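Good morning, and thank you for coming.

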Amino acid sequence: MSGAAIAVEFRGVRFRHASGREVLSGVSFSLPAGESLALIGRSGSGKTTILKLINRLQDPSAGEVRVEGQPTTAWDPIRLRRRIGYVIQEVGLFPHLTVARNVGLIPTLEGWDLDRVQGRVRELLDLVGLPADRFLNRFPHELSGGQRQRVGVARAVAADPPVLLMDEPFGALDPITRAELQQEFRDLQSRLQKTLVLVTHDIPEACLLGTRIGWIQEGRLVECLPPREFLRSNHPEVQAVLRALAVKDRG
Amino acid sequence: MDLMEFLASHRAELLQMTGQHLFLVGLSTGVAVLVGIPLGIFLVRSPHWQPPVLGAVNVIQTVPSLALFGLLIPLPLIGGIGAGTALIALVLYALLPIVSNTVAGLTGVDPAVREAAVAMGMTQSQLLWRVELPLALGVILTGVRVATVIGVGVATIAAAIGAGGLGMFIFRGLAMLDSRLILAGAIPAALMALIIDFGLGLIARRFGAPGGQARRTAA
């Protein structure tokens with residue numbers, strides 16, 4: 001992977017909340033195109049902030065976030081965000097639009113003609129396992145949680161963005177649906193080869209979807225390793241968490 | 001001579017006053033919509049303006065309508081006797097429900113939906129026109145409905161400063177102690193309010209307003 005271009009890079013990034021609380025205190029990593037980084041850590045450790053710095057919902061207080069080699073502050077935020085798909089736990093589907101119009105929204109904003117948008121929407125619904133004929137004209141409130149999350153994924157990749165951000169995408173689903181979607185998304189990701197940054201609470205999910213796992217603690221990225229090595233990490237906090245989860249599994 | 005006969009014999013006058021009444025209410029509500037909705041959008045974008053502006057429209061609403069008409073008469077340019085002054089007062093009254101419901105509707109949009117829209121690269125105006133306004137439309141229309149119904153009532157009092165409308169019958173009836181005249185003004189005005197309330201309620205619910213009675217937020 002040494003030859004691949006760096007898609008997302010953090011250089012000494014600090015982020016201070018408007019309230020004065022320091023959320024990130026010096027985060028650095030670089031993520032080659034096509035790799036996926038799964039960020040785990042306790043609530044409030046700064047994981048979601050890392051995502052929001054990538055698509056410039058926030059600007060760093062110090063340091064630099066680079067996307068495709070260019071600092072985010074030098075990107076036009078609209079152009080930058082159109083190149084980054086975003087999937088969040090609450091899904092954020094537009095309740096007043098049908099599935100078809102939700103999924104086709106970014107291509108429409110990008111000025112694609114109607115035929116091309118419609119073709120793309122069908123293709124995407126197929127891709128996420130929702131038969132287009134049955135789902136095109138439904139509204140989000142007519143869907144189950146799992147179906148909504150599939151639509152969310154389809155919408156995020158609609159204009160084929162090179163980077164995908166996911167914030168606990170499967171967190172609100174029941175365990176069976178979650179396991180299904182994780183597996184399907186893994187297959188999808190192996191076909192699409194997006195650069196993926198994923199925030200999760202779930203270590204098995206991180207191991208399944210991440211080519212690297214990053215442990216965030218108190219605003220720092222304290223460990224960033226491929227799954228196998230991560231599970232053997234000798235970082236005390238990581239060990240403590242892995243032990244706690246293993247005990248819970250046996251109990 | 002009972003009421004029906006009276007109405008029949010005064011049909012032309014009744015139609016004319018109903019027309020004047022509708023004109024007063026329609027024009028004032030229209031202006032209040034054109035001013036109030038943009039003002040509400042501005043207040044959501046610049047929340048530090050909300051307390052003074054919402055406070056001001058609230059205070060206007062608390063001034064008794066007869067007093068407001070009276071207060072406007074001596075003012076240069078906008079004052080005086082007649083429909084112009086009445087229209088200004090009616091617009092001021094209609095502003096509160098429209099502005100406050102626009103603010104409430106837009107602030108009520110699910111933050112996750114707004115964040116998703118911004119994160120997918122919508123511009124401010126795309127966010128407003130494609131997401132925020134459509135989602136707030138039901139609540140905004142409810143505000144328009146409340147404003148219109150209030151306007152029908154207040155416009156009856158506008159007759160006191162010579163603006164015409166169904167209030168003419170009522171004031172004349174009061175002066176002549178003639179209950180038929182009072183009813184000839186009051187019943188059509190009440191019917192007008194009910195019909196408008198029902199019609200706009202149907203439209204508002206079609207766009208996702210909460211059902212039931214017209215609702216006033218932040219009154």
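Which residue in S9(A) is the bridge partner of Ile40(A)? The partner is Trp215(A). Before I continue, please note that this is a predicted model, in which local features need pLDDT of at least 70 and side-chain atom pairs count only at pLDDT 80 or more, while totals for chains, interfaces and linings use all residues. Residues are numbered from 1 along each chain as its sequence is written, and chains are lettered from A and ligands numbered from 1 in the order in which they are written.

Ile40(A) points one way from strand S3 of chain A, together with Ser36(A) and Ala38(A). Leu37(A), Leu39(A) and Gly41(A) point the other way. In a regular strand the side chains alternate between the two faces of the sheet. S3(A) spans residues 36-41, and six of its six residues are buried; a residue is buried if 20 or more other C-beta atoms, placed from the backbone, lie within 10 Å of its own. Strands here are DSSP runs of E with at least two residues, helices are runs of H or I with at least four, and both are numbered from the N terminus.

S3(A) runs parallel to strand S9 (residues 212-217) of chain A, joined by five bridges. Four bridges join S3(A) to strand S8 (residues 195-199) of chain A, also in parallel; there, Ser36(A) has Leu196(A) as its bridge partner. Two strands pair if DSSP finds at least two bridges between them.

Let us turn to another sheet. Four strands of chain A form an open sheet in the order S2-S1-S4-S5, with antiparallel pairing. Strand S2 (22-32) and strand S5 (70-71) of chain A are at the edges with a single partner strand each, so one side of each has no neighbour in the sheet. Helix H1 (residues 47-54) of chain A packs on this sheet and touches S1, S2 and S4 of chain A.

Finally, chain B. Chain B has nine helices and zero strands, and buried residues make up 41% of its 219 residues. The contact between the chains takes 15 residues from chain A and 14 residues from chain B, where two residues are in contact if their C-beta atoms, placed from the backbone, lie within 7 Å. On the side of chain A, helix H2 (77-82), strand S6 (84-88) and helix H4 (105-109) each give two or more residues.

How values were computed. A residue is buried if 20 or more other C-beta atoms lie within 10 Å of its own, exposed if 12 or fewer, and partly exposed in between; C-beta atoms are placed from the backbone. Axes are lines fitted to C-alpha atoms, for helices over the stretch in contact, and angles run from 0 to 180 degrees between N-to-C directions.
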